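Dear colleague,

Please find below the structure that I am handing over to you. My notes on what was found in it follow directly after.

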Amino acid sequence: AFHIEQAGRIIPGTFNYYAASADARHYLPIAKERFVLASRLQAGNIRPVGDAQANVPFSKRYFLGGATTIRGWGRYEVSPLSESGQPVGGDAMLAFSGELRAMLHGNLGGVLFLDGGNVWAESLGYNLGDLRYSIGPGLRYQTPIGPIRFDVGWQLNPIPGLQVNGEPQTRRWRLHFSIGQAF
């Protein structure tokens, strides 16, 4: 999937930026479809025109973390930080996930996953040496509306200075409960 967006050129307004993102997914059945190797790659870039802070709305900035991206962190916790340690979003994003999915018994399945990625403040500011990683197991129970998921993510390299609910982050793991596949 590809997404391209432009604001502020044709119809003048408060914001002026260009944005592009891509999301690729691949599923590989293994051993007569008892196992599936699922993978996902996401990339995005926002190019502000003029003053970067004023020309991109906060709601359009990139954040990672949570049940569908880097599961070792809570929702929106992987991002550039303010001076007080709060996530503020960024203009460049790269994320990937890999899962080995297996049917265990009846409607019960399990996964092992590796997630990685980061968000950078500057447009095109990608630094592959600065990626955040998490690993973990998960359980899936198939229902008529989709799988019910329970994942436990463990941070391999925590974010220094991250504040969670106004306190320094000390917990390196997160529990995620949701409905539907992560990707």
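Which residues of the largest nonpolar core touch the most other members? In this predicted model, they are Y17, I46, L64, W73, V78 and M93, out of 15 residues in that core. A nonpolar core here is a set of buried Ala, Val, Leu, Ile, Met, Phe, Trp, Tyr and Cys residues joined through side-chain atoms within 4.5 Å; buried means under 20% relative accessible area, exposed over 50%, and partly exposed in between (1.4 Å probe, protein chains only). Strands β2 (17-30) and β4 (92-105) each supply at least two residues of this core. Helices (H or I, at least four residues) and strands (E, at least two) are DSSP runs, numbered from the N terminus.

On the conventions, residues are numbered from 1 along each chain as its sequence is written. Since the model is predicted, local features need pLDDT of at least 70 and side-chain atom pairs count only at pLDDT 80 or more, while totals for chains, interfaces and linings use all residues; side-chain values use heavy atoms, with hydrogens and water left out.

R132 is buried, with a relative accessible area of 14%, whereas D130 is partly exposed at 27%. By this rule there are 13 salt bridges. Another joins D91 and R61 at 3.2 Å, N to O; these two residues lie 30 residues apart, both in the loop between α1 (52-55) and β4. D91 is buried at 2% relative accessibility, and R61 is buried at 10%. E99 and R101 pair at 2.5 Å, N to O, and both are buried. These two also belong to a network of salt bridges with R71, D115, R140, R149 and D151.

S123 lies in the loop between β5 and β6 and is buried, with a relative accessible area of 14%. The side chain of S123 reaches the backbone oxygen of I46 at 3.0 Å.

Yours sincerely

How values were computed:
Polar contact = N/O pair within 3.5 Å; in protein donor to acceptor, adjacent residues only side chain to side chain. Salt bridge = Lys/Arg side-chain N within 4 Å of Asp/Glu carboxyl O.
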